[in-house]
Amino acid sequence: MNMRRRELLGAIGILGTGAILSGVAGPLAGLLKTVDYPVASEVRSVMGSLLQINIARRNRESLELLDMAFAEAMRLEALLTRHKPGAPLHGLNATGHIATPPAELQQVLAAAIRHCRESGGFFDPTVFSTQPAAIDGVNLGEDGISLARSGTSITLDGIAKGYVVDRLSQLLHAHGAGNHLINAGGDIIACGGGPSGFGWKIGLQDPRRQGRLLTSFFLQDGAVATSGNYESLSPLGRGRAHILSPATAEAAAGSLSASAFAPSAMEADAMSTALFVMPSDYRRDYMRMKNNAACYVVSKSGNHEKIGKLALL
């Protein structure tokens with residue numbers, strides 16, 4: 001996929017993901033446009049999906065910031081992908097050790113291990129490993145990162161996009177563009193009041209019917225991510241995206257989609273992955289550990305489970 005599109009957005013109606021991010025059957029729709037304030041926006045193919053960055057102002061500086069943000073996204077992708085030879089994570093999986101890992105890889109892997117512990121293993125960055133409990137052999141220390149058990153393979157697919165979104169948001173804040181929305185294939189962070197001043201309009205897509213929304217709401221200074229076995233390019237990689245169950249190493253069954261709301265995109269990204277795989281009776285205990293977070297899970301039986309205090313749900 002090769003896509004690059006720059007727009008200065010004016011007034012337009014509410015659109016679903018398929019309309020805004022053409023060609024990607026993703027779970028979230030960023031509903032970006034009102035007549036109140038122009039938005040500088042661009043979409044490019046990054047991290048195996050479409051990355052959309054929106055800044056609620058229209059001037060030359062905003063367009064320069066878009067270029068800067070996409071360059072940073074590509075730099076981070078090169079550090080966190082497991083697919084490309086020469087990438088640090090690819091080398092770690094190939095040799096079992098990397099002596100001088102980049103700080104970004106250390107940060108995301110440390111967060112992934114933490115989320116694995118907190119979720120009871122339902123979020124597992126070693127899901128592709130050939131040995132059970134491979135996470136116990138992943139060591140981060142002063143001598144680098146090592147994989148103590150043979151057959152261990154690390155994937156950051158369920159957390160890295162959220163991390164990249166957070167880093168891009170920090171970059172925009174640092175350059176005075178605090179009113180923005182970033183959508184990386186369904187991992188969204190919304191900062192500031194958006195074009196209207198009430199927040200950024202977001203829609204959760206109905207997993208049973210493409211183009212129909214479960215709900216829509218204004219989001220300000222928060223993040224949301226949705227996981228589902230949608231037919232789309234896999235994050236930071238190639239091929240079809242299927243969320244695997246750590247217990248079976250096969251495509252997870254039971255849920256159609258799981259949306260997580262959290263202060264950061266990385267937190268929401270990892271949470272939505274775990275919630276999608278997690279049985280219903282585990283979810284409430286898991287969510288009790290999370291502050292300022294909520295979730296919305298749609299099961300294959302048609303049940304809609306909402307946990308957490310969030311007015312928009």
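The legends below describe close-up views of a predicted model.

Residues are numbered from 1 along each chain as its sequence is written, and side-chain values use heavy atoms, with hydrogens and water left out. Local features need pLDDT of at least 70 and side-chain atom pairs count only at pLDDT 80 or more, whereas totals for chains, interfaces and linings use all residues.

**View 1. Confidence along the chain, given as pLDDT (the predictor's confidence in each residue, from 0 to 100).**
The chain has a mean pLDDT of 82, with 79% of its residues at 70 or more. Helix H5 (residues 160-174) has the highest confidence, at 98, and helix H1 (residues 17-20) the lowest, at a mean of 27. Residues 1-35 have pLDDT below 50; beyond near neighbours in sequence, this stretch has 111 contacts in the model, a contact being heavy atoms within 4.5 Å. Residues 231-242 also stay under 50, and the model has 37 contacts for them beyond four places in sequence. Where pLDDT is low, the predicted coordinates should not be read in detail. Helices (H or I, at least four residues) and strands (E, at least two) are DSSP runs, numbered from the N terminus.

**View 2. The open sheet of 3 strands, in the order S5-S7-S6.**
Pairing in this sheet is antiparallel, and the edge strands S5 and S6 each pair on one side only. Two strands count as paired if DSSP finds at least two bridges between them. Strand S5 (residues 97-98) is joined to strand S7 (residues 144-147) by 2 bridges; Ile 98 has Ile 145 as its bridge partner in S7. Strand S6 (residues 138-141) is joined to S7 by 4 bridges, and here Val 138 has Leu 147 as its partner. S6 and S7 make a hairpin with 2 residues between them. Gly 141 stands opposite Gly 144 in S7.

**View 3. The largest nonpolar core, with 66 residues.**
A nonpolar core is a set of buried Ala, Val, Leu, Ile, Met, Phe, Trp, Tyr and Cys residues joined through side-chain atoms within 4.5 Å. Buried means under 20% relative accessible area, exposed over 50%, and partly exposed in between (1.4 Å probe, protein chains only). Residues with the most contacts inside this core include Leu 51, Ile 53, Leu 80 and Leu 156. Helix H6 (residues 265-277) supplies the largest share of this core, 9 residues. A second, separate core has 15 residues, among them Ile 202, Leu 204, Val 224 and Phe 261. In soluble globular proteins, nonpolar side chains tend to be buried together.

**View 4. Asp 206 in the loop between strand S10 (200-205) and strand S11 (213-219).**
Asp 206 counts as buried because its relative accessibility is 7%. The side chains of Asp 206 and Arg 212 are joined by a polar contact of 2.6 Å. A polar contact is a pair of N or O atoms within 3.5 Å; within protein, one must be able to donate a hydrogen and the other to accept it, and residues adjacent in sequence count only if both atoms are side-chain atoms. Asp 206 also touches Leu 213 and Leu 214.

The whole structure has 0 disulfides, a disulfide being a pair of cysteine sulfur atoms within 2.5 Å.
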